[in-house]
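Hi,

Here is the structure I said I would pass on. Have a look at it first, and my notes on what I found follow below.

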Amino acid sequence: MTRQKILVLYLANSALDAPTIAWAVYDGTGKTLHMAGDSEEVPYPTGLAALKDGWRLFQASQLNPHARGEEFDIAYLKYEFWFEQLVEVTP
Amino acid sequence: MSQAPPLLSSPQMARFVARGFLRFDAVVPDEINAQFMAEAGEVAEPKPGERLMKTYGQTLAANAIPEVSAGTPLSQTYPPGSAIARLLDLPLVRGALQSLLGDDPVFDHHFLHITFPPAYHAASGGESVSQHTHQDSTIDPRQAFDVQVMYYPHKVTRPMGGTRFIPGTHLRKVSEVALGRYQNIRGQQHMVCEAGTLLFLHHGIWHGGGVNLSDRTRYMFKIRMRASGSQVRRWDVEPIEPRAPQRPIFYVKTPSDPESVAAILMTPEPWFEQDTGRLEFVNRVKLWRYLSGDPAFDADYWMTRLGGGA
């Protein structure tokens with residue numbers, strides 16, 4: 001059977017080859033446990049580097065126009081890319 | 001009335017505006033740290049099958065830290081002679097709070113954050129994990145800001161976790177732990193420090209408790225407070241007058257003074273996105289305008305270019 005490993009990269013702009021500024025890893029195999037603050041080293045310098053290492057991109061954040069009057073409001077990280085690997089596990 | 005405390009300098013205030021925190025290492029005397037630890041009380045040894053929150057609740061109920069209503073004047077919050085009353089009376093603390101909040105701050109809430117070693121989680125059937133990164137309270141659209149003082153009464157090593165925070169995130173308007181999926185952000189800091197260290201935080205800074213993988217229980221005491229009056233020009237403002245002229249931008253041959261307000265406000269964080277990093281600069285200028293009472297202040301022409309009042 002397979003389990004999903006998830007990698008989320010936050011990049012410096014909407015291009016997949018832009019530098020990584022934040023990241024998260026969730027391991028559905030249960031072999032590793034990742035959590036907030038557990039790493040200081042970016043897993044991949046760019047999204048493209050993750051693709052080259054076999055991660056499959058399945059979602060990218062949209063580019064939305066700024067609402068009038070709210071052009072300077074900033075909230076969540078904008079350039080979010082979700083990757084997966086399907087890993088065979090033994091029951 | 002005790003002597004007037006030393007106020008923050010303009011570079012310190014600019015750093016607070018830009019990065020959302022000021023850190024002072026080992027500034028609380030050992031005697032107060034020891035008194036605080038005695039008042040905070042010991043945590044009972046882990047018991048198999050006992051819920052961790054029960055152990056936590058018993059510790060909070062039994063200690064000498066008072067239960068205080070929100071809205072109490074800060075000066076009336078702690079019994080005279082108690083560790084926190086003595087801490088708040090330190091000249092550095094009085095000066096920082098006066099600079100950031102003005103006279104007579106108002107108490108919001110406090111909490112004794114206890115982060116347990118793995119043995120406690122194992123005994124209660126839980127897992128040792130860090131706290132999700134979050135912004136305290138709820139969406140807060142104000143320009144005014146509250147201050148949260150984080151007090152580390154004992155030495156914190158990296159295995160003990162420490163508070164994790166991300167400098168420069170405080171101007172983002174987010175909804176508490178909605179950002180919990182961000183596990184690691186470039187530039188994040190972990191509070192590894194000596195006993196008696198203080199962090200003064202803008203209420204909006206993203207932070208979370210680090211997992212404690214040591215064999216020692218970790219304590220951190222947090223107090224949130226707000227201004228009761230004006231926050232405008234409450235620090236040692238003299239060095240910013242008269243306002244410095246605009247410095248050359250983009251095509252620059254001469255480095256500017258790194259201690260100038262403009263240079264501090266225009267220093268990016270490692271996690272800045274390339275476009276919204278510029279919005280961070282705009283919002284820093286807006287916050288400096290609010291604090292300095294100078295509606296025409298600008299740094300690197302960001303607001304002037306937009307007509308001045310964006």
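Let me start with one pair of residues: Leu57(A) stands opposite Phe83(A) in β4(A). The strands in question, β3(A) and β4(A), run antiparallel and are joined by four bridges. Helices and strands here are DSSP runs, helices being H or I with at least four residues and strands E with at least two, numbered from the N terminus. Two strands count as paired if DSSP finds at least two bridges between them.

Before going further, some housekeeping. This is a predicted model, in which local features need pLDDT of at least 70 and side-chain atom pairs count only at pLDDT 80 or more, while totals for chains, interfaces and linings use all residues. Residues are numbered from 1 along each chain as its sequence is written, and chains are lettered from A and ligands numbered from 1 in the order in which they are written.

On confidence, the model scores ipTM 0.98 and pTM 0.96. Chain B averages a pLDDT of 95, and 97% of its residues score at least 70; pLDDT is the predictor's confidence in each residue, from 0 to 100.

Chain A and the sheet

Chain A has one helix and four strands, in the order β-β-α-β-β from the N terminus. Its C-alpha atoms fill a box of roughly 55 × 25 × 20 Å along the principal axes. Of its 91 residues, 24% count as buried. By that I mean 20 or more other C-beta atoms within 10 Å of the residue's own; exposed is 12 or fewer, partly exposed is in between, and C-beta atoms are placed from the backbone. Among contacts in chain A with a separation of 6 or more, 66% are between residues 24 or more positions apart. Two residues are in contact if their C-beta atoms, placed from the backbone, lie within 7 Å.

Strand β4(A) (residues 80–88) also pairs with β1(A) (residues 2–11), antiparallel, over nine bridges. In that strand, Gln85(A) is opposite Lys5(A), and Trp82(A) is opposite Val8(A).

Now for the part I liked: which strands make up the open sheet of five? The order is β3(A)-β4(A)-β1(A)-β2(A)-β5(B), with antiparallel pairing. At the edges are β3 (56–60) of chain A and β5 of chain B, each pairing on one side only.

Where the chains meet

The contact takes 23 residues from chain A and 32 residues from chain B. On the chain B side, the elements that give two or more residues are β5 (184–185) and α8 (276–292). The largest share of that side, five residues, comes from α8(B). By class, the chain B side has eleven nonpolar, 13 polar and eight charged residues. Nonpolar means Ala, Val, Leu, Ile, Met, Phe, Trp, Tyr, Cys and Pro, charged means Asp, Glu, Lys and Arg, and the others, Gly among them, are polar.

Helix α8(B) is mostly covered, with twelve of its 17 residues buried. Among them are Phe281(B), Leu287(B) and Trp288(B). The buried residues pack against α1 (10–19), α7 (261–265) and α9 (302–305) of chain B. After the helix comes Gly293(B), with a positive phi near 70°.

Helix α2(B) (residues 30–40) has Ile32(B), Asn33(B), Phe36(B) and Ala40(B) buried. Why are they on the same side of α2(B)? They cover an arc of only 100° around the axis, the arc being that of the directions from the helix axis to the C-beta atoms. On the other side, Asp30(B), Glu31(B) and Ala38(B) are exposed. The buried residues of α2(B) pack against α4 (83–88), β2 (106–115) and β9 (218–226) of chain B. Gly41(B) follows α2(B), and its phi is positive, near 85°.

Two loop residues

Asp104(B) is not a glycine, yet its phi is positive, near 50°. Asp104(B) is in the loop between α5 (91–101) and β2 of chain B. Glu176(B), also a residue other than glycine, has a positive phi near 45° and is found in the loop between β4 (163–165) and β5 of chain B.

Over to you!
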